[in-house]
Structure formats: structure tokens, C-alpha cells
Amino acid sequence: LDCQTCGACCREAYQSVEVTARDPVVKTQPAYVVDRTTYLEVLRDGDRCAALHGGRPDPADPSRITTYRCVIYDDRPRTCREFTLGSVHCLTARRRVGLSL
């Protein structure tokens with residue numbers, strides 16, 4: 001399992017990832033943070049986290065799907081850092097997106 005290429009948790013595990021002002025992403029990647037007045041959260045792009053890139057046809061070769069990658073991985077929120085690779089939640093998210101071990 002490789003968090004940087006899977007993206008299942010970014011697509012299926014959370015509908016919203018709340019962040020605090022202390023999360024590095026707030027200062028280093030403000031374009032990915034939305035202020036909801038009473039809380040901050042990571043921006044969504046449809047059914048997935050906006051910071052998850054890939055999983056779409058490659059412009060250079062539309063028959064190839066680009067690899068998933070988190071563009072805020074080094075500064076990801078606490079919720080994301082604490083999501084355990086291989087945990088029940090991880091495996092459930094992987095199954096929901098059609099991935100196996």
C-alpha cells in the first residue's frame with residue numbers, strides 16, 4: 001500500500017476534513033483551505049479532496065490514467081496524518097473505490 005498513489009481515503013473516507021489554525025496547510029497551502037465561519041476545512045473538488053490530483057486521463061495519452069498524488073502531502077492536516085495505512089478505515093475506503101490489497 002502506498003498513500004501517495006492510492007488516494008482512496010481522499011475519495012471515500014471523509015466528506016469533510018476540518019483543520020485548525022495550527023495545521024501547517026493553513027499557512028503553506030491557503031488555496032486549499034475554506035473558512036466556513038465557525039470552522040476551517042480542506043476544499044473539496046466534487047467527490048474528493050481538491051488536493052488530490054490524478055486519476056484522470058493523461059493529456060499526453062488519454063488512454064492512460066494519471067497516478068493519484070496529494071499535492072499538500074508534506075503539509076497535510078492532522079486528520080490525514082493520523083489516518084492509518086492498512087487500518088480498517090483504509091481498507092474500507094480502498095474497497096469502495098475498487099482497490100484491493
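I sorted the lining of the largest pocket by class and found 20 nonpolar, two polar and six charged residues, where Ala, Val, Leu, Ile, Met, Phe, Trp, Tyr, Cys and Pro count as nonpolar, Asp, Glu, Lys and Arg as charged, and the others, Gly among them, as polar. I note that this is a predicted model, in which local features need pLDDT of at least 70 and side-chain atom pairs count only at pLDDT 80 or more, while totals for chains, interfaces and linings use all residues. Residues are numbered from 1 along each chain as its sequence is written, and side-chain values use heavy atoms, with hydrogens and water left out.

I then looked up the space in the largest pocket, about 410 Å³, and saw that Cys3, Cys9, Cys10, Arg76 and Cys80 are the closest to its centre among the 28 lining residues. On a 1 Å grid over the protein atoms alone, a pocket is an open set of points where a 1.4 Å probe fits, with protein on both sides within 12 Å along at least five of seven lines, and lining residues have an atom within 4 Å of a point. The grid points are joined across faces, edges and corners, and the volume is the space filled by probe spheres set on them.

For the chain, I recorded five helices and nine strands, taken as DSSP runs (helices H or I, at least four residues; strands E, at least two) and numbered from the N terminus. Two or more lining residues come from each of α1 (3-6), α2 (8-13), β9 (69-70), α4 (78-81) and α5 (88-96).

Finally, I noted that 32% of the 101 residues count as buried, meaning under 20% relative accessible area with a 1.4 Å probe and protein chains only. The C-alpha trace spans about 40 × 35 × 20 Å along its principal axes.

Technical notes. Buried means under 20% relative accessible area, exposed over 50%, partly exposed in between (1.4 Å probe, protein chains only).
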